[in-house]
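This report describes a structure for a reader who has not seen it before. The sequence and the model are shown first, and the description follows.

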Amino acid sequence: MAPDLRTKLGQVELPNPILTASGCAGAGRELAQFIDVSKIGAVVTKSVMLAPRAGRPTPRMVETPSGMLNAIGLQGPGIDAFLQRDLPWLLSRGARAVVSIAGSTVEEFAELAARLSDAPGVTAIEVNISCPNVEHRGQVFACDVTDSGSVVAAVRARTRRDIPVFAKLSPDVTDIVSIARSCVTAGADGLSMINTLLGMAIDTETMRPVLAGLTGGLSGPAIRPIAVRCIWQVREALPGVPIIGMGGVLTGRDALELILAGASMVSVGTATFHDPSATVRILRELEEELARRGIDRLSDVVGLAHEMRPAGRAAGSVV
Amino acid sequence: MTSDGPEPDAGPLQVRGTILTVRRIDAYHVMTVVAPGIAARFRPGQFVAVAVGGQDTSMLLRRCFSIHDVRPDHGGTVEFVFSVVGRGTQWLAERRPREALDLTGPLGRPFPVPRDPVSCLLVGGGYGSSPLFALADRLRERGCTVDFLLGAASGDKVFGALTARRTGRSATITTVDGSLGVRGIVTDVLGQVIHDARTDVIYACGPMPMLRQVTALARRYDIPVQVAVEESMACGIGVCMTCVLPVVGSDGITRMVRSCVDGPVFRGERVRWDDIGTIPLDAFGAPGWEQRRLRQPRPGGEHTAGRPGHGA
Ligand SMILES: Cc1cc2nc3c(=O)[nH]c(=O)nc-3n(C[C@H](O)[C@H](O)[C@H](O)COP(=O)(O)OP(=O)(O)OC[C@H]3O[C@@H](n4cnc5c(N)ncnc54)[C@H](O)[C@@H]3O)c2cc1C
Ligand SMILES: Cc1cc2nc3c(=O)[nH]c(=O)nc-3n(C[C@H](O)[C@H](O)[C@H](O)COP(=O)(O)O)c2cc1C
Ligand code: FES
């Protein structure tokens with residue numbers, strides 16, 4: 001019998017735990033040429049802002065060992081175009097839409113949440129707090145305990161009760177658990193982790209930085225161990241909080257690793273660039289991985305590694 | 001291609017193809033892959049994105065190559081031409097017949113072809129000439145005449161010089177070192193070729209500086225020009241936004257458009273060549289762009305309307 005892959009995104013039930021990662025699937029339309037977007041757990045859309053945005057200059061990308069750096073700068077059409085064009089399209093295809101939002105002030109996040117609450121069909125909101133806060137000298141929200149909490153509180157307050165709010169955390173912090181706790185205290189229904197890590201590449205021929213914006217976010221299998229560690233630490237500290245795990249998932253085995261660490265959903269990002277049908281392949285592989293181990297229900301393995309520490313080692317800090 | 005194939009907008013496919021041959025032609029490698037669906041959907045100017053490095057590769061991003069040719073043999077083959085520049089193309093050059101290759105394609109917008117039988121000049125730089133021969137076939141089917149102007153650093157890097165000479169009404173070759181044809185670069189002789197061939201439309205593919213100069217000259221002669229650009233791409237299918245460049249739309253608004261799906265073919269005069277690598281201040285979504293657009297006309301806003309039948 002095929003394992004039961006159903007999972008909970010807050011109060012909402014998803015048929016399976018495999019999602020796209022924000023910024024790696026647009027709003028689903030292009031991917032629909034390769035996959036049936038209604039077959040995966042949900043489509044997490046590119047972070048949308050209030051106004052249209054042109055993003056950063058090029059070059060915006062460089063390949064690195066088992067990964068890539070990107071500096072897109074949240075290019076997008078803004079919330080009006082998203083609500084007019086992208087969201088209705090996703091719904092017409094029977095896809096579940098998790099809408100990622102980004103802002104440069106707390107109020108911008110709140111306004112986006114309100115706009116999405118008025119629109120029918122939003123399955124959940126993912127709050128991309130890895131943005132510079134213009135009211136705090138450009139300090140990234142996700143790197144500050146208070147700012148993270150303020151954004152989440154403002155979003156939760158303006159979001160319809162039946163729409164879960166997930167806060168997306170950055171791994172570029174000293175103590176991810178304190179940020180996670182602050183978001184949950186502020187009302188987050190769950191956490192997404194991890195966003196990219198800040199990195200940089202220099203072309204040794206031209207002797208110049210490769211990216212026009214100098215630094216970029218590192219993603220892909222290169223960061224998977226960091227994702228596993230972050231998910232582990234947060235699950236350990238906040239065992240009841242649902243987690244969307246992401247970071248370098250290329251296969252069903254990789255997805256299972258994040259699930260064992262504590263994720264009950266898994267987003268697939270960079271892998272999609274390698275294989276446009278990665279999400280549905282990973283879903284199939286995950287099902288096989290579970291079946292091969294005789295596991296009937298996905299929920300039985302979420303966070304299971306916490307109960308299966310290496311033999312002969314005391315429980316406690318993993319650092 | 002026959003006209004009873006799939007709809008032109010049937011969209012790209014992801015195909016596990018089989019390598020038929022890998023050949024050396026001068027400075028280039030030419031790879032032919034059995035990939036029926038891609039061959040059937042192909043139109044000149046489109047490209048494929050190839051996964052490199054095999055299973056468990058550390059090279060996650062696909063490499064993009066213009067499609068040189070498609071043939072009906074073996075159910076449909078796709079051919080592309082490449083030079084070895086880094087690890088990905090090195091890996092490709094080491095492939096052998098019968099090995100599998102994962103391709104997505106055909107990607108991007110093809111070259112638009114004119115409605116009328118006009119005089120077309122096809123300008124290629126280095127491997128940039130690779131997509132021009134399939135285009136030439138299509139143009140000739142339409143009753144157009146085709147002249148070629150191909151250039152490269154040296155004779156071994158001019159791809160397809162023989163074919164151009166055999167099939168073109170005229171073929172002009174330039175090399176920087178003078179080892180083949182005229183010494184110099186294509187834009188040194190472009191004006192003369194346009195004059196001799198009474199060119200109505202230019203199609204160009206090659207390095208960005210060449211495309212920029214070809215566009216500038218085409219504007220001077222008031223000839224519409226279609227260029228196929230090459231921007232670094234992470235996904236090739238329109239989801240990542242890495243491959244953007246500033247292009248003026250038919251509404252006069254500059255947008256950072258994706259060269260993988262909105263291109264790679266653009267009307268040359270619509271591309272803001274001087275602003276590539278920047279976000280122009282008046283670009284859609286640039287900080288303060290709306291106020292700027294209201295206050296002043298677009299800088300360099302004299303873009304030509306072009307001729308009917310060449311809209312991009
Ligand atoms: C639409 C399009 C069509 C192309 N057609 C051809 C063709 O017909 N023949 C050919 O030889 N080359 C073509 N190129 C360039 C080709 O994609 C690169 O030379 C190739 O990706 C280099 O890979 P590498 O691993 O050998 O080099 P590396 O330098 O190791 O590549 C590292 C990364 O940079 C990217 N990259 C490097 N050079 C380029 C480049 N010039 N353009 C875009 N991305 C680059 C790679 O894709 C990869 O992600 C085309 C590029 C594009 C975008
Ligand atoms: C090109 C690109 C664009 C991204 N854009 C966003 C974004 O808009 N919002 C966001 O929250 N995360 C964004 N991310 C981060 C991913 O959603 C994900 O957290 C990260 O890439 C790690 O997962 P992966 O290794 O599977 O890609 C982006 C990542 C990439 C590679
Ligand atoms: S390469 Fe990803 S959008 Fe063009």
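## The ligand site

Ligand 1 sits between chains A and B. The elements that contribute two or more residues to the shell around ligand 1 all belong to chain B: β4 (63-71), β5 (77-82) and α2 (87-93). Of these, β4(B) gives the largest share, with 4 residues. The model is a predicted one.

In total, 23 residues surround ligand 1. The closest of them are B:R63, B:F82, B:G86, B:G88 and B:T89. Sorted by class, the shell around ligand 1 consists of 11 nonpolar, 7 polar and 5 charged residues.

## The contact between the chains

Chain A brings 32 residues to the contact, and chain B brings 29 residues. On the side of chain A that touches chain B, at least two residues each come from β5 (61-64), β6 (67-70) and α7 (271-274) of chain A. That side of chain A is made up of 15 nonpolar, 13 polar and 4 charged residues.

## Chain B as a whole

Chain B has three assigned domains: domain 1 covers 13-107, domain 2 covers 119-228 and domain 3 covers 244-295. Between the centres of domain 1 and domain 3 of chain B, taken over C-alpha atoms, the distance is 31 Å. The secondary structure of chain B comprises 7 helices and 15 strands.

The C-alpha trace of chain B spans about 60 × 45 × 40 Å along its principal axes. The radius of gyration of chain B is 19 Å, which agrees with a compact globule, because a globule of 312 residues would have a value near 20 Å.

Of the 312 residues in chain B, 52% are buried. Among contacts in chain B with a separation of 6 or more, 65% are between residues 24 or more positions apart.

## A sheet of seven strands

Chain B holds an open sheet of 7 strands with mixed pairing. The strand order in this sheet is β10-β9-β8-β7-β11-β12-β15. At its edges are β10 (182-183) and β15 (265-267) of chain B, each of which pairs on one side only.

How do strand β12 of chain B and β15(B) run, parallel or antiparallel? Strand β12 (residues 225-228) and β15(B) run antiparallel and are joined by 3 bridges. Within β15(B), B:F266 is the residue that stands opposite B:V227.

Notes
Residues are numbered from 1 along each chain as its sequence is written. Chains are lettered from A and ligands numbered from 1 in the order in which they are written. This is a predicted model: local features need pLDDT of at least 70, side-chain atom pairs count only at pLDDT 80 or more; totals for chains, interfaces and linings use all residues. Domain bounds come from an automatic or database domain assignment. A residue is near a molecule or strand if its C-beta atom, placed from the backbone, lies within 6 Å of it. Ala, Val, Leu, Ile, Met, Phe, Trp, Tyr, Cys and Pro count as nonpolar, Asp, Glu, Lys and Arg as charged, and the others, Gly among them, as polar. Two residues are in contact if their C-beta atoms, placed from the backbone, lie within 7 Å. The radius of gyration is taken over C-alpha atoms; the globule rule is 2.2 Å times the number of residues to the power 0.38. A residue is buried if 20 or more other C-beta atoms lie within 10 Å of its own, exposed if 12 or fewer, and partly exposed in between; C-beta atoms are placed from the backbone. Two strands pair if DSSP finds at least two bridges between them.
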